[in-house]
Amino acid sequence: VAYRRLFGVIPQDFVHFEFSARENIWFGSIERSSDDEGIAAAARMAGADDIVRRLPKAYDTVLGRLFAGGEELSIGEWQKIVLARVAFSLSPILVFDEPTSALDAEAEFSFCSRFRQLAAGRTAIVISHRLSTVRMMDRIVVLEKGRIVESGTHLELVSKHGTYAKLFEIQARPYR
């Protein structure tokens, strides 16, 4: 159990808990008291606070349609709730698997701008095919067939004209 507490994980197919918004965030660290300010701070950091405050009972609103009176969220809104769950956790190692996959361009930009604050003082591992997300990372590792083929910062990898540069160019081409 203690080993699992080291990791705050957001899998690509994250869990939707049919509980209140408050509880969905608190599940990130059930060892902590479910203090309203800590939960709201985690929600603000993840960009979920505005979503929650628009719900009929705000943080007391049950999420999902399983129970009467529950409110269903979009996939992108659920993703922000899950980000808040990880922000509330005390885990020193964060693992994000495609953290922006369900976010639109504006929400992705918002997440990326908050990422450094979310990961401050922790180790963060981000798995993503969206190079717009990974370009801000301190160290990027490129894998091919399960092997590391390149490693460096965004600028270092682009200047090498290798796999990363090729993929970055393919993704950037439509925007030029």
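Predicted model: local features only at pLDDT ≥ 70, side-chain atom pairs only at ≥ 80, totals over all residues.
**Entry 1: the enclosed space**

I number residues from 1 along each chain as its sequence is written, and side-chain values use heavy atoms, with hydrogens and water left out.

How many cavities of 30 Å³ or more are there? I count 1, and the largest cavity holds about 40 Å³ of space. On a 1 Å grid over the protein atoms alone, a cavity is a set of points where a 1.4 Å probe fits but cannot get out; a pocket is an open set with protein on both sides within 12 Å along at least five of seven lines, and lining residues have an atom within 4 Å of a point. Points are joined across faces, edges and corners, and the volume is the space filled by probe spheres set on them.

I wrote down M45, A46, L83, F111, R114, F115 and L118 as the lining of this cavity. Helix 5 (105-119) and helix 2 (36-46) each supply at least two of the lining residues, and helix 5 gives the most, with 4 residues. Helices (H or I, at least four residues) and strands (E, at least two) are DSSP runs, numbered from the N terminus.

**Entry 2: helix 2**

I stayed with helix 2 and looked up its buried residues, which are G38, I39, A40, A42, A43 and A46. Buried means under 20% relative accessible area, exposed over 50%, and partly exposed in between (1.4 Å probe, protein chains only). These buried residues pack against helix 1 (21-26), helix 3 (49-53), helix 4 and helix 5; contact here means heavy atoms within 4.5 Å. Just past the end of helix 2, G47 has a positive phi of about 80°.

I then traced an open sheet of 3 strands, paired in parallel in the order 1-2-3. Strand 1 (7-10) and strand 3 (123-127) are the edge strands, each with a single partner, so one side of each has no neighbour in the sheet. On average, neighbouring strands are turned by 10° against each other, direction ignored.

Strand 2 (residues 93-97) pairs with strand 3 over 5 bridges, in the parallel sense. Two strands pair if DSSP finds at least two bridges between them. I also noted that D97 stands opposite I127 in strand 3.

Which strands does helix 4 lie across? Helix 4 lies across strand 1 and strand 2, at about 175° to strand 1. Helix 5 lies across strand 2 and strand 3, at about 155° to strand 2. Axes are lines fitted to C-alpha atoms, for helices over the stretch in contact, and angles run from 0 to 180 degrees between N-to-C directions.

**Entry 3: Q79**

Is Q79 buried or exposed? Q79 sits in helix 4 (residues 75-88) and is buried, with a relative accessible area of 2%. Leaving out residues up to four places away in sequence, Q79 touches F14, E98, P99, T100, S101, A102 and L103.

The largest pocket holds about 700 Å³ of space. It has 27 lining residues, of which V126, S128, V134, I140 and V141 are the closest to its centre. Helix 5, strand 3, helix 6 (131-134), strand 4 (140-144) and helix 8 (163-172) each give two or more residues to this lining. By class I recorded 16 nonpolar, 5 polar and 6 charged residues in the lining of the largest pocket.

The second largest pocket holds about 460 Å³. Of its 21 lining residues, R4, F7, F27, G28 and S29 are the closest to the centre. Strand 1 and helix 4 are the elements that give two or more residues to this lining, and its classes are 12 nonpolar, 5 polar and 4 charged.

R4 is in the segment before strand 1 and counts as exposed, at 60% relative accessibility. R4 and E98 are 94 residues apart in sequence and 20 Å apart in space, C-alpha to C-alpha.

E169 belongs to helix 8 and is partly exposed, at 29% relative accessibility.

Note on methods:
Nonpolar A, V, L, I, M, F, W, Y, C, P; charged D, E, K, R; others polar.
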